[in-house]
Amino acid sequence: METEEERFPTLRQVLLLFVLLAQTCAEQEGYTVAEETESGSFVANLAKDLGLEIRKLSLRRARVIFDNNKKHLQLNLQTGDLQVNEKLDREELCGPTEPCVLQFQVLLEEPLEVYRFKLWVSDINDNSPVFPEAEMILKIMENTLPGTVFSLKNAHDLDVGINNVQNYAIYPNSHFHVLTRNGSEGRKYPVLVLDRALDREEQPELRLTLTAVDGGAPPKSGTALVLIDVLDINDNAPEFVQPLYRLQILEDSPLGTLVVTVSARDLDMGINGEVFYSFLYGDEQITRTFALNELTGEIRIIKKLDFEKIVSYEVDVKASDGAGLSGKCTVIIQVLDINDNAPKLTMASLASSIPENSPETTIALFSLQDPDSGENGRMVCSTQEDVPFMIKPSLENFYKLVTEGPLDRENQAEYNITITVTDLGTPRLKTQHNITVLVSDVNDNAPAFTQTSYTLFIRENNSPALHIGSVSATDTDAGANAQVTYSLLPPQDPSLPLASLVSINADNGHLFALRALDFEALQAFEFLVGATDRGAPALSSQALVRVQVLDANDNAPFVLYPPQNGSAPCTELVPRAAEPGYLVSKVVAVDGDSGQNAWLSYQLLKATEPGLFGVWAHNGEVRTARLLSERDAAKHRLLLLVKDNGEPPRSASVTLHVLLVDGFSQPYLPLPEAAADAAQADPLTVYLVIALASVSSLFLFSVLAFIAGRLCRRSRAAWVGGCSVPEGHFPGHLVDVSGTGTLSQSYQYEVCLSSGSGTTSEFKFLKSVASNHPESVKGGEHSNFVNSFGFN
């Protein structure tokens, strides 16, 4: 048994339904939503339409109920908006019914109140017209009268109203047009109307495209093929190819000679198109003299002809089809006397050669004679159609053979002309006379180069007189007019020494390099080449030649730094406190070549201590490879290789001297090898260096002692956590040490004095300060370490 709680929902629904039926509802209102509207789209503000505050919708437990129990709309209780809950498909909801109206109620449960609404789902053009069949076949007799109407199947469109099918069209429409008619339930269907009578013999089949177009924006359409099969009727009588045949036949023609073949055709099909031949009138004279083949239409002689008895015959021939229709033709047979004399041609004058480009010129003058009489003595004179000559009549029986216009020897240099003379007898007799005419050349064509411009390539350091390429020109003239001579034209750039660079063979156009070319000095140059024929007057043309010099790896890398000029070796100073990757120096090299021949790479060939230094292969930077230690030797000699990327590669080597120092307090000593060599080479230079070093050291120590004494007189109270700077006599706290001796740059040091108890005082160099002079930094970070010197 159902409990009271289980029965409560059912009872509640019944009660609500009863209330809905019994209660007087508010006046119905409606909303319109286009189909396919996205879910969540705004429809209306229900709270505003009901005149309720938004919060009361939630308090009164408002909800939307559709008659079909589907949730097409949803009520947002937070905003009071009525929104689309799911996309609506008008065709699925209402089908062809228009308008598409959905009833729904807005129920307020506390207190109970119901509002009825209508939702109009408007149609959009989302369906194209579709024909039930892709191809329709109509069979129409060819004698169907224009104006006859043929029904066609209509297209279906799921949309309604203006979006449904509105119009039909047919293409091509030379014989038909289509009308759009209204059917039941507002549907439109097409009818095909015959505009022009059909003719099966002209067009046995028509293929038309029927198009249905709806009224949407933009409109959509659908198509179907309409195949019209035109059915035949016997509406065509046999028709002769010629209605009248005129012919002539010799009286001595043998029996069985074919006189003529008449031919008729019937455009109908089947038995309606079968043709049979017969004499139209049963004239005994004709039936005894000639025989007619009823199937082929051949007329043959079955009795000897006699010109003196009958000069001509008029024969009427009938062609009948199987359905009784017929056609007629007339054959007139004229009997001729025997023509036993052929025409005779006599040449009066003849020119065997004419120059080209000449106006109308007479080639030959000849006369014609035929001893026969009548038609046998009448003659027709002609030449073949493919020659530019024609025959003109002159006096009495004389004729001239003339040119139709100027001739072009380059197009055709020789003509074989056949003059044909035919009499009008039966059979016709003719005489042919052959003439050969030569067209002499005129220099009317300039030489033409095979190319408007030529590009030649030559590798530098070539051998003199090297063949670098050719130019070629042709002349369509003949003889001397076609003989081409090549030459170099004056260069457009006056500074280009063209005469010393290239030469050309005047006969064949071969180009030669006169001397070895250097890519680094001249990479490319252009010049003009002329071609001149030997005609009178001579004609010429020109072409552009560009010579591209290709680079060869003929320059070894040249080291700019360290200098390799034979002077004292350049030594780089490296503090022992340098970190790994410390920039010791940079090898700078250049290569006079180009391209990959100038791509340089650097390599460490040999070092005093392998693994301590390394070189960057792409930029030549020499850096420390690890931390330096006290055990490392003070002096190092590095042998570096600079190599280009040519084929074969070229290279250069450079020696770099490196000295490890503990700051700058320890004096720089030259390498033993260099010192020994210098002592052996020049003892006086060694002595001068030692003396200069001693004097400089003594002067430096004197200055330092003087400064220390002056600073120690300052009160200790002025010394607070740092260095006391004297005023007056000492202009500043920076001491400048010029880059003399072995140092290649200048350094500045900050000087500080510290005074302690007793008589001991210290003079300290706390740090070095890089000079602003551009030469104060050499080799990257040489000045980035701290030097300290102490004196007791």
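Is E360 buried, partly exposed or exposed? At a relative accessibility of 46%, E360 counts as partly exposed, where buried means under 20% relative accessible area, exposed means over 50%, and partly exposed lies in between (1.4 Å probe, protein chains only).

The model is a predicted one, in which local features need pLDDT of at least 70 and side-chain atom pairs count only at pLDDT 80 or more, while totals for chains, interfaces and linings use all residues. Residues are numbered from 1 along each chain as its sequence is written, and side-chain values use heavy atoms, with hydrogens and water left out.

**Overall picture**

The secondary structure of the protein comes to 8 helices and 52 strands; helices (H or I, at least four residues) and strands (E, at least two) are DSSP runs, numbered from the N terminus. Of the 792 residues in the protein, 36% are buried. The protein exposes about 44,300 Å², of which carbon and sulfur atoms supply 53%, with accessible areas taken from the Shrake-Rupley method with a 1.4 Å probe and, for residues, only the protein chains shown counted as cover. Among contacts (heavy atoms within 4.5 Å) between residues at least 6 apart in sequence, 65% join residues at least 24 apart.

**Confidence**

The mean pLDDT, which is the predictor's confidence in each residue from 0 to 100, is 79 for the protein, and 82% of its residues reach 70 or more. Over residues 715-792 the pLDDT is below 50, and this stretch has 136 contacts in the model beyond near neighbours in sequence. Residues 665-682 also stay under 50 in pLDDT, and for them the model has 17 contacts beyond four places in sequence.

**Salt bridges**

Side chains of opposite charge can pair when their charged atoms come close. A search of the whole structure finds 21 salt bridges, each defined as a side-chain nitrogen of Lys or Arg within 4 Å of a carboxyl oxygen of Asp or Glu.

| Pair | N to O distance |
|---|---|
| E133 and K153 | 2.4 Å |
| K392 and E360 | 3.2 Å |
| R623 and E621 | 2.9 Å |

In the salt bridge between E133 and K153, E133 lies in the loop between β7 (113-122) and β8 (135-141) and K153 in the loop between β9 (149-151) and β10 (165-171), so the pair ties together parts that are 20 residues apart in sequence. E133 is partly exposed at 32% relative accessible area, and K153 is partly exposed at 39%.

For the salt bridge of K392 with E360, the pair links distant parts of the chain, with K392 in strand β28 (residues 389-393) and E360 in the loop between β25 (353-355) and β26 (362-369), 32 residues apart. K392 counts as partly exposed at 29% relative accessibility.

Elsewhere, R61, R63, E109 and E110 are linked in a network of salt bridges.

**Cysteines**

A disulfide is a covalent bond between the sulfur atoms of two cysteines. With the criterion of a pair of cysteine sulfur atoms within 2.5 Å, the count comes to 1 disulfide, which joins C94 to C100 with an S to S distance of 1.8 Å. The torsion about the S-S bond of C94 and C100 is about 65°, so this disulfide is right-handed. C94 is buried with a relative accessible area of 16%, and C100 is buried with a value of 1%. C329 also counts as buried, at 0% relative accessibility.
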